[in-house]
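Look at the sequence and the structure below. This report walks through helices, a core, aromatic rings and a few loops.

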Amino acid sequence: MKKIKQIADKLRMPVWWYHIVPPIVSVIYAVAWIAQVSLQEIWLPTILFCVSVMTSAAFGYWLNDCTDVQEDLQAGKINHAAGLTIIQRFLVLVILAIIGLLPWLFLPPVKTAWCALGLLFVCFFLYSMPPFRFKNRALLGVLCDIHYGHVLPIIITVATFGSLYSPFEAKKWNLIIILLILLYIKGFRNITEHQINDRKNDRKNGVYTFVIAIKPLNAARLLSFVLVPIELSVIALFLVQWSVKLLITYLLFLALYAFLLQRWGVFRLPLRHRWYKFWYIANDFYESWLPISILFLASLDNWQYLILLLIHLVLFSKNIQWFGWIVIEFKSIFFITHNPTKSLT
């Protein structure tokens, strides 16, 4: 188990497992719910697809590490590829690529999914490999990250599971368009956040990112006052078009989030610091709230989805800490209200 954990850490599994995979499985859950698919029908394609997702994500991260060895050493960052020879690094890439593509021998041969998968790997190389190195080219790096980290994985998921369980209908065009807009906004916000956090290392290494190009303070304002409000609004618009039930759960999520921020004193912070706390609202929705909401609503129609819900809670246990915070804060209110003398200790 220790060896497995070491390998997982080197491939940055905790990063993509808890942040990249939940929105993808949410799409699978949603398609299965809409099509009223039984658990027996969905479990094998889901496992195969998740194996491909996990190893493809690991491939992208490992390729990035392999091409960042010198920069990371100069910046004092840990790089797990640094201790290996070039041949060893290449072998890891080959193994990951093979494992990532093998499931597609059993998944449906959908042209859209295959094309998007090919573009995904193209983006990995364009982003990291010289002479392209789009990650060092401001807007090109942003566009590349948006596509391989957000847009293409969801297109692959929708195309694959839509062909399996829910054939495309013309009336769904409005949903597809809104979803694409949402994915581009989500991707733009995420890469901007990432570049703001990495700005010091990027400056030290002479990396010319989008955030450095427009200045970090301007990027922070763009996030706080433009991207976050627009993204939260587009989520609501998408849910209005798709599912009123999910819209209600989204509004409940926003209310509970506001409650937590109020309890933690965020609204009493200076304006400049307050808005930084809002950057991750949408991520908490995609990664924690959305998959659980879909499975809960699906279980009202088919009790078998309760099993899937329990499995999800076990596999993504870190993501449910959000719900723990809510419980703690409500218990705190109840405890203080019913034990006023205790609050003075």
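Helix 8 has 27 residues. Its first and last C-alpha atoms are 37 Å apart, close to the 39 Å expected at 1.5 Å a residue. Helices here are DSSP runs of H or I with at least four residues, strands are runs of E with at least two, and both are numbered from the N terminus. The expected span of a helix is 1.5 Å times one less than its number of residues. Helix 8 also has a kink of about 45°, centred on H147. The bend at a residue is the angle between two fitted axes, one for the seven residues ending there and one for the seven starting there.

This is a predicted model: local features need pLDDT of at least 70, side-chain atom pairs count only at pLDDT 80 or more, and totals for chains, interfaces and linings use all residues. Residues are numbered from 1 along each chain as its sequence is written, and side-chain values use heavy atoms, with hydrogens and water left out.

Take helix 7, residues 111-128. Its 18 residues should span 26 Å at 1.5 Å a residue, and its end C-alpha atoms are 26 Å apart, which agrees. Which of its residues are buried? They are A113, A116, L117, L120, F121, C123, F124, Y127 and S128. They cover an arc of only 150° around the axis, which puts them on the same side of helix 7. The arc is that of the directions from the helix axis to the C-beta atoms. Buried means under 20% relative accessible area, exposed means over 50%, and partly exposed lies in between, with a 1.4 Å probe and protein chains only.

The face turned away from the buried side of helix 7 carries the exposed residues K111 and C115. What do the buried residues of helix 7 pack against? Their partners are helix 4 (39-67), helix 6 (86-101), helix 8 (139-165) and helix 9 (173-197). Contact means heavy atoms within 4.5 Å.

Helix 6 has 16 residues, which should span 22 Å at 1.5 Å a residue. Its end C-alpha atoms are 23 Å apart, which agrees. The buried residues of helix 6 are R89, L93, L96, A97 and G100. Seen down the axis, they fall within an arc of 100°, so they line one face of helix 6.

## Core and rings

A nonpolar core is a set of buried Ala, Val, Leu, Ile, Met, Phe, Trp, Tyr and Cys residues joined through side-chain atoms within 4.5 Å. The largest such core has 103 residues, and F49, I235 and F285 touch the most other members. Helix 4 gives the largest share of this core, 12 residues. Leaving aside neighbours within four places in sequence, F49 is in contact with I24, I28, W104, L107, I156, T157, T160 and F161.

How many aromatic pairs does the whole structure hold? A search finds 22. Rings of Phe, Tyr and Trp (its six-membered ring) pair if their centres lie within 6.5 Å. One aromatic cluster is formed by F59, F121, F124, F125, Y127 and Y148. F121, F124 and Y127 are also among the buried residues of helix 7.

## Backbone angles

Most residues other than glycine have a negative phi, and most peptide bonds are trans. Q36 has a positive phi, near 55°. Q36 sits in the loop between helix 3 (21-35) and helix 4. K215 has a positive phi as well, near 80°. K215 sits in the loop between helix 11 (210-214) and helix 12 (216-242). P130 and P131 are joined by a cis peptide bond, with omega about 5°. P131 lies in the loop between helix 7 and strand 1 (137-138).

## Accessible residues

The table lists the exposure of some residues.

| Residue | Class | Relative accessible area |
|---|---|---|
| W303 | exposed | 59% |
| K215 | exposed | 51% |
| Q36 | partly exposed | 49% |
| K277 | partly exposed | 43% |
| V226 | partly exposed | 34% |

W303 lies in the loop between helix 15 (281-301) and helix 16 (304-315). V226 lies in helix 12. V226 and R189 are 37 residues apart along the chain, and their C-alpha atoms are separated by 9.7 Å.

Where is K277? K277 is in the loop between helix 14 (271-274) and helix 15. Not counting residues up to four places away in sequence, K277 touches V266 and L269.

Technical notes. Phe/Tyr/Trp six-rings, centres within 6.5 Å; stacked < 30°, edge-to-face > 60°.
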